[in-house]
Amino acid sequence: MPVEITWWGHATCTLEDANIRVITDPLFATRLAHLRRRRGAVPPTEARRADLALVSHLHADHLHPPSLAALPPGTRLLVPRGALRAVPALRRLRGLRITEVTPGDEVRVGDLLVRVVPARHDGRRLPVGPHRSPALGYVLTGEARTYFAGDTGLFDDMAEQVGPVDTALLPVGGWGPFLGPGHLDARRAAQALARLAPRAAVPVHYGTYWPIGMDAVRPHEFHAPGDEFVRLAAAAAPEVTVHKLGHGERVRLEVAR
């Protein structure tokens, strides 16, 4: 059975594997504080259907309580350890089955095994509160092994921590003209791809949100990361097939075992 991946924009993807439907970092907003959705329609109602939702870290463009509230009652939700303390709005989502996790944890949902792996990123709920919470990645193993990196920078033992995977969903940009530490741009994402050596990759976390009033400030950082990643990945990891999706587009990946 093929694995299907749909990119809805930013870090929000739907993964269908082992008859389980997973959504990553759900974000269904047209505007978030100073950010406006500049490309791609807000994900349709079908995007909100999920058996499992994954949150990689506590930043508001990855943990967005109004978007989580739109998920069907009974959806399983994995969040970083400490999230319920740091984000009180999570405790009001009584229809969701929330589990806090940390690197090394494993959670099984049906025939899908979710392994929690570390990320190199500041996972705090900024700018409010001092509570720390780890930034996470997730490896999903069903018919295939899929790595959702969340937000991360390169780190020395990335390949060892993640392990063998068939597909990597890698961030290649951001939502502003400059990327701080703990992020992958197109170049670093291509380097990560070479280390991980999956069969396929999908670039995410770019070309969706942009600060209001900053359209003319380094606009290439909004428009270019996807194409740059395709070009750089071809040189750094030529054996990997890169699927650059448009918003709402889906790719079906045949599983070879």
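Leu-32 stands opposite Leu-35 of β5, in a predicted model where local features need pLDDT of at least 70, side-chain atom pairs count only at pLDDT 80 or more, and totals for chains, interfaces and linings use all residues. Residues are numbered from 1 along each chain as its sequence is written, and side-chain values use heavy atoms, with hydrogens and water left out.

The pairing around Leu-35 joins β4 and strand β5 (residues 35–37) in the antiparallel sense over 2 bridges. Strands here are DSSP runs of E with at least two residues, helices are runs of H or I with at least four, and both are numbered from the N terminus; two strands pair if DSSP finds at least two bridges between them. The open sheet holds 3 strands in the order β4-β5-β15, with antiparallel pairing. At its edges stand β4 (31–32) and β15 (209–211), each with a single partner strand, so one side of each is left without a neighbour in the sheet.

Leaving out residues up to four places away in sequence, Thr-208 touches Arg-36, Arg-37, Arg-38 and Arg-39, among others including Trp-7, Phe-222 and His-247; contact means heavy atoms within 4.5 Å.

How many of the residues of strand β3 (residues 20–24) are buried? The count is 5 of the 5, so β3 is largely enclosed by the rest of the structure. Both of its faces are covered, with Ile-20, Val-22 and Thr-24 on one side and Arg-21 and Ile-23 on the other.

| Partner of β3 | Sense | Bridges |
|---|---|---|
| β2 (residues 12–17) | antiparallel | 4 bridges |
| β6 (residues 52–54) | parallel | 3 bridges |

On the β6 side, Thr-24 faces Leu-54.

Strand β12 (residues 145–148) includes Thr-146, which counts as buried at 1% relative accessibility. Its C-alpha lies 5.8 Å from that of Val-165, 19 residues apart in sequence. Beyond residues up to four places away in sequence, Thr-146 touches Ile-5, Leu-15, Tyr-138, Val-139, Leu-140, Thr-167 and Leu-169.

**The whole protein**

Stepping back, the protein has 6 helices and 17 strands. Its radius of gyration is 17 Å, close to the 18 Å that the globule rule gives for 257 residues, so the protein is as compact as a globular protein of that length (the radius is taken over C-alpha atoms, and the rule is 2.2 Å times the number of residues to the power 0.38). The C-alpha trace spans about 45 × 45 × 35 Å along its principal axes. Of the 257 residues, 53% count as buried. Among contacts with a separation of 6 or more, 65% come from residues 24 or more positions apart.

Terms used. Buried means under 20% relative accessible area, exposed over 50%, partly exposed in between (1.4 Å probe, protein chains only).
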